[in-house]
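Trainee: I have a model open and want to learn to read its features. Can we go through them one at a time?

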Amino acid sequence: CVSGCVCPHNQVLDGKGGCIEPEDCPCVHNGNSYTPGESIRVGCNNCTCRNRKWHCSDEPCLETCSVYGDGHYTTFDGKRFDFEGDCEYVLIQNYCGQQGMNQGTFRVITENIPCGTTGTTCSKSIKVFLGVSIFFNKFDGYSDVIQRTPGGKMPFQIRSMGIYLVVDTTVGLILMWDRKTSIFIKLSPSFEGHVCGLCGNYDGNGNNDFTTRSQSVVGNVLEFANSWKVSSSCPNANRTKDPCTANPYRKAWAQKQCSIITSEVFAKCHSQVEPNEFYEACIDDACACDTGGDCECFCTAVAAYAQACNELDICISWRTPSICPLFCDYYN
């Protein structure tokens, strides 16, 4: 450091014992430093470091609602909750409150079925309604258009993207499904505050996401989620037993397997996406999946955290030949 850590005129300390021009100072994002000219991606926008400040594009970003494993939900506004019900439930629709059914443009329904002996349920089937006369159904990797507008152009496209089946719609909704138990719904900002269901109301405030079908804001997750069942003949869901208490012989195995989420493998994502909730959810799923499908439940739980990291452009290479391998030749 020159002159006892005093820099020449018009220069500043660089924090490493040297001096630099002010315009060469780095920008900081989430505790990391970036040199001038470096770019990062924040959401769907690109940000470039110039003169110690971030200069970002201002594109409207699609927010994501996710459902995975043993009934783990994250709403568009980031509220996390667990719900296990054996019925069909409305994930999202844009006809709410006093609006009539024919005024909406879409509705997504998930069917939950038992996937363990402790009462746990998993989402295994999805139905997507677009408009008033088009019905799209997916089950165990199978997809079909059941009903369509005569002579009309289909308002969606279906494509494969890695392990996901992707449905791109013309109404501003994108649905990603891993053909197992993970569902990701991305929605255009034009629907902010105009949707309802288990994915919340997408108004930027997670505190009012527990809005029932009758448009009442409640504090109880069971009251909220049960209100969104499709058929009134389904019994209301109750809290299920803790799967690791019901299956104590699986707890140590679950903790060991799921520790990959809090390990060095995901270290660069830990400061961006809180890992502990995903870790606890992984343990629950690994304990609950006691009727086969061990790998499916564990791998889906870890993949959910990897996907949350990927949403922030933090790509983690976590799969190995012994941990949730993928046969790339098949997906390619």
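Mentor: Start with charges and rings. A charge sits over a ring if NZ of Lys or CZ of Arg is within 6 Å of the ring centre and within 35 degrees of the ring normal. Keep in mind that this is a predicted model. Here the charged end of Arg107 sits over the ring of Phe129, 5.0 Å from its centre.

Trainee: Which ring does the charged end of Arg80 sit over?

Mentor: The ring of Phe278, with 4.3 Å to its centre. Arg80 also has a salt bridge, and we will come back to that.

Trainee: Sheets next. How do I read one?

Mentor: Strands of a sheet pair through backbone hydrogen bonds, either parallel or antiparallel.

Trainee: Let me walk in from E16. How many bridges join E16 to E17?

Mentor: Six, and the two strands run antiparallel. Met161 stands opposite Tyr164 in E17. E16 and E17 form a hairpin with two residues between them. In that turn, Gly162 has a positive phi of about 65°.

Trainee: And on to E18?

Mentor: E17 (residues 164-169) is joined to E18 (residues 173-177) by four bridges, again antiparallel. Leu165 stands opposite Trp177, and Val167 stands opposite Leu175. This hairpin has three residues between its strands, and Gly172 in the turn has a positive phi of about 100°.

Trainee: Is E17 enclosed or open to the outside?

Mentor: Six of the six residues of E17 are buried, so the strand is largely enclosed by the rest of the structure. Buried means under 20% relative accessible area. Both faces are covered. Tyr164, Val166 and Asp168 lie on one side, with Leu165, Val167 and Thr169 on the other.

Trainee: What about E8?

Mentor: Strand E8 (residues 63-68) is mostly covered, with five of its six residues buried. Five bridges join E8 to strand E19 (residues 183-187), running antiparallel. Across that pairing, Val67 has Ile183 as its bridge partner. E8 also pairs with strand E9 (residues 72-74) over three bridges, in the antiparallel sense. There Tyr68 has His72 as its bridge partner. In the hairpin of E8 and E9, Gly69 takes a positive phi near 55°.

Trainee: Now aromatic pairs. What do I look at?

Mentor: A pair of aromatic rings is described by the distance of the centres and the angle of the planes. The count here is twelve aromatic pairs. One of them is Phe106 with Phe191, edge-to-face, at 5.1 Å centre to centre and 85° between the planes.

Trainee: Where in the chain do Phe106 and Phe191 lie?

Mentor: Phe106 is in strand E12 (residues 106-114). Phe191 is in the loop between E19 and helix H1 (221-226). They are 85 residues apart, so this pair links distant parts of the chain. Phe106 is buried at 1% relative accessible area, and Phe191 is buried at 12%.

Trainee: Which residues do ring pairs link into a cluster?

Mentor: Tyr68, Phe266, Phe278 and Tyr305.

Trainee: Which residue forms a salt bridge with Asp168?

Mentor: Arg159, with the closest N and O atoms 2.6 Å apart. Asp168 counts as buried at 18%, whereas Arg159 is partly exposed at 39%.

Trainee: And one more?

Mentor: Asp313 and Arg41 meet in a salt bridge at 3.5 Å, N to O. Asp313 is in the loop between helix H6 (294-311) and helix H7 (328-331), and Arg41 is in strand E5 (residues 39-42). They are 272 residues apart.

Terms used:
Residues are numbered from 1 along each chain as its sequence is written. This is a predicted model: local features need pLDDT of at least 70, side-chain atom pairs count only at pLDDT 80 or more; totals for chains, interfaces and linings use all residues. Side-chain values use heavy atoms; hydrogens and water are left out. Two strands pair if DSSP finds at least two bridges between them. Buried means under 20% relative accessible area, exposed over 50%, partly exposed in between (1.4 Å probe, protein chains only). Rings of Phe, Tyr and Trp (its six-membered ring) pair if their centres lie within 6.5 Å; planes under 30 degrees apart count as stacked, over 60 as edge-to-face and the rest as tilted. A salt bridge is a side-chain nitrogen of Lys or Arg within 4 Å of a carboxyl oxygen of Asp or Glu.
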